Amino acid sequence: MFSETIQENIAFGNPKANENDIILAAKNADVHHNIITFTKGYQTLVGERGVTLSGGQKQRISIARALVKNPEILIFDDSLSAVDTQTETRIIENLKSQKKTKIIITHRISSAKDADLILVLDKGEIIESGNHEQLIQKNGAYRLIYNEQSQNS
């Protein structure tokens with residue numbers, strides 16, 4: 001985060017982004033409803049490193065920044081770790097509508113379960129691959145993690 005407005009933080013990297021592009025990206029990142037509650041809305045200064053924002057708001061503004069840039073490939077590296085599961089679900093659903101390649105690196109099965117291909121890594125090695133249903137049926141590491149996370153939710 002830069003010590004600029006929320007709008008400028010989202011538009012960073014895409015100087016051609018207009019207000020509608022920025023709002024759409026914020027909605028897809030499930031942060032628009034938070035932004036409009038701030039006194040100055042999108043013109044709110046976030047402070048150095050986003051000090052005025054929660055961890056989840058920072059992550060979602062960063063996601064909006066990536067979306068407004070409109071790249072061919074989106075890479076999310078544990079980018080939903082600071083949001084609750086309901087927010088995570090909404091963002092994942094919104095990302096499904098993005099007609100581009102998405103790579104999601106995560107420890108949460110809920111973030112990966114709808115992927116076309118899931119790679120399970122252990123110490124940098126791929127130990128399993130497939131979609132959610134295939135990996136559940138294999139009864140291996142993925143299923144073990146899935147069962148553990150299901151019990152904790």
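How do the residues of the lining of the largest pocket divide into nonpolar, polar and charged? In this predicted model, the lining comprises 15 nonpolar, 4 polar and 6 charged residues. The largest pocket holds about 910 Å³ of space. It is lined by 25 residues, of which I104, A112, A115, L117 and I118 are the closest to its centre. Two or more lining residues come from each of α5, β2 (101–105), α6 (109–112), β3 (118–122) and α8 (141–152). The main contributor is β2, which gives 5 residues to this lining.

The second largest pocket has a volume of about 340 Å³. Its lining consists of 14 residues, and those closest to the centre are T85, E88, I109, S110 and K113. By class, the lining of the second largest pocket divides into 3 nonpolar, 6 polar and 5 charged residues. Helices α5, α6 and α8 each supply at least two of the lining residues, with α5 giving the most, at 5 residues.

The largest nonpolar core contains 26 residues, and the most contacts inside it are made by I6, I10, I22, I35, Y42 and I63. At least two core residues are supplied by each of α1, α2, α4, β1 (73–77) and α5 (85–96). The largest share, 5 residues, is that of α4. Another core, of 6 residues, lies apart from the largest one and includes I118, L135, I136 and Y142.

I63 is located in helix α4 (residues 55–69). With a relative accessible area of 3%, I63 falls under the 20% cut-off and is therefore buried. Leaving aside neighbours within four places in sequence, I63 contacts A29, F76, S79, L80 and I91. The C-alpha atoms of I63 and V31 are 9.4 Å apart in space, while the two residues are separated by 32 residues in sequence. For I22, residues up to four places away in sequence again not being counted, the contacts are with Q7, I10, A11, A17, Y42 and V68.

The count of aromatic pairs comes to 1. This pair is formed by F2 and F12, whose ring centres are 4.6 Å apart and whose planes lie at 45 degrees, a tilted arrangement. Because F2 lies in the segment before α1 (6–11) and F12 in the loop between α1 and α2 (19–28), the pair ties together parts that are 10 residues apart in sequence. Both members are partly exposed: the relative accessible area is 36% for F2 and 46% for F12.

Note on methods:
Residues are numbered from 1 along each chain as its sequence is written. This is a predicted model: local features need pLDDT of at least 70, side-chain atom pairs count only at pLDDT 80 or more; totals for chains, interfaces and linings use all residues. Side-chain values use heavy atoms; hydrogens and water are left out. Rings of Phe, Tyr and Trp (its six-membered ring) pair if their centres lie within 6.5 Å; planes under 30 degrees apart count as stacked, over 60 as edge-to-face and the rest as tilted. Helices (H or I, at least four residues) and strands (E, at least two) are DSSP runs, numbered from the N terminus. Buried means under 20% relative accessible area, exposed over 50%, partly exposed in between (1.4 Å probe, protein chains only). Contact means heavy atoms within 4.5 Å. A nonpolar core is a set of buried Ala, Val, Leu, Ile, Met, Phe, Trp, Tyr and Cys residues joined through side-chain atoms within 4.5 Å. On a 1 Å grid over the protein atoms alone, a cavity is a set of points where a 1.4 Å probe fits but cannot get out, and a pocket is an open set with protein on both sides within 12 Å along at least five of seven lines; lining residues have an atom within 4 Å of a point. Grid points are joined across faces, edges and corners, and a volume is the space filled by probe spheres set on the points. Ala, Val, Leu, Ile, Met, Phe, Trp, Tyr, Cys and Pro count as nonpolar, Asp, Glu, Lys and Arg as charged, and the others, Gly among them, as polar.
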